[in-house]
Amino acid sequence: MSKAHRGKGIRELFARGRGVCPVCGASGIKLLYEQDAGDQKIKVCKPCKAAIKHGKKNIPVKTAEEAAPAAVAE
């Protein structure tokens, strides 16, 4: 039997769900798993999701100051 619908959900995502993982830095990897990082949700790869679940890796949490660059005072 054919598998015509396999991966149908990720075909509609930007770049087919691929990008750079914010935890491990791997590029061109599928980012399909949402994790809470402070007050925001980030998408991570499958190995990082498992490592976070088992306490082997931490999610990099950006504060409001790091997320938005400070205004340059002249």
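This report describes the nonpolar core, one lysine beside it in contact terms, and the salt bridge of a predicted model.

In this model the largest nonpolar core is made of nine residues, namely Cys21, Leu31, Ala37, Ile42, Val44, Cys45, Cys48, Ile52 and Ile59. Two elements, strand E4 (40-44) and helix H2 (46-53), each give two or more residues to this core. In soluble globular proteins, nonpolar side chains tend to be buried together.

Ile52, one of the core residues, touches Val23, Gln35, Lys57 and Ile59 when residues up to four places away in sequence are not counted. Although Lys57 and Val23 are 34 residues apart along the chain, their C-alpha atoms are separated by 8.0 Å.

The structure holds one salt bridge, in which the side chains of Lys41 and Glu34 meet at 4.0 Å, taken from N to O. Side chains of opposite charge can pair when their charged atoms come close.

| Residue | Relative accessible area | Class |
|---|---|---|
| Lys57 | 34% | partly exposed |
| Lys41 | 57% | exposed |
| Glu34 | 47% | partly exposed |

Because exposed means over 50% relative accessible area, Lys41 at 57% is counted as exposed, whereas its salt-bridge partner Glu34, with 47%, is partly exposed.

Definitions and conventions
Residues are numbered from 1 along each chain as its sequence is written. This is a predicted model: local features need pLDDT of at least 70, side-chain atom pairs count only at pLDDT 80 or more; totals for chains, interfaces and linings use all residues. Side-chain values use heavy atoms; hydrogens and water are left out. A nonpolar core is a set of buried Ala, Val, Leu, Ile, Met, Phe, Trp, Tyr and Cys residues joined through side-chain atoms within 4.5 Å. Buried means under 20% relative accessible area, exposed over 50%, partly exposed in between (1.4 Å probe, protein chains only). Helices (H or I, at least four residues) and strands (E, at least two) are DSSP runs, numbered from the N terminus. Contact means heavy atoms within 4.5 Å.
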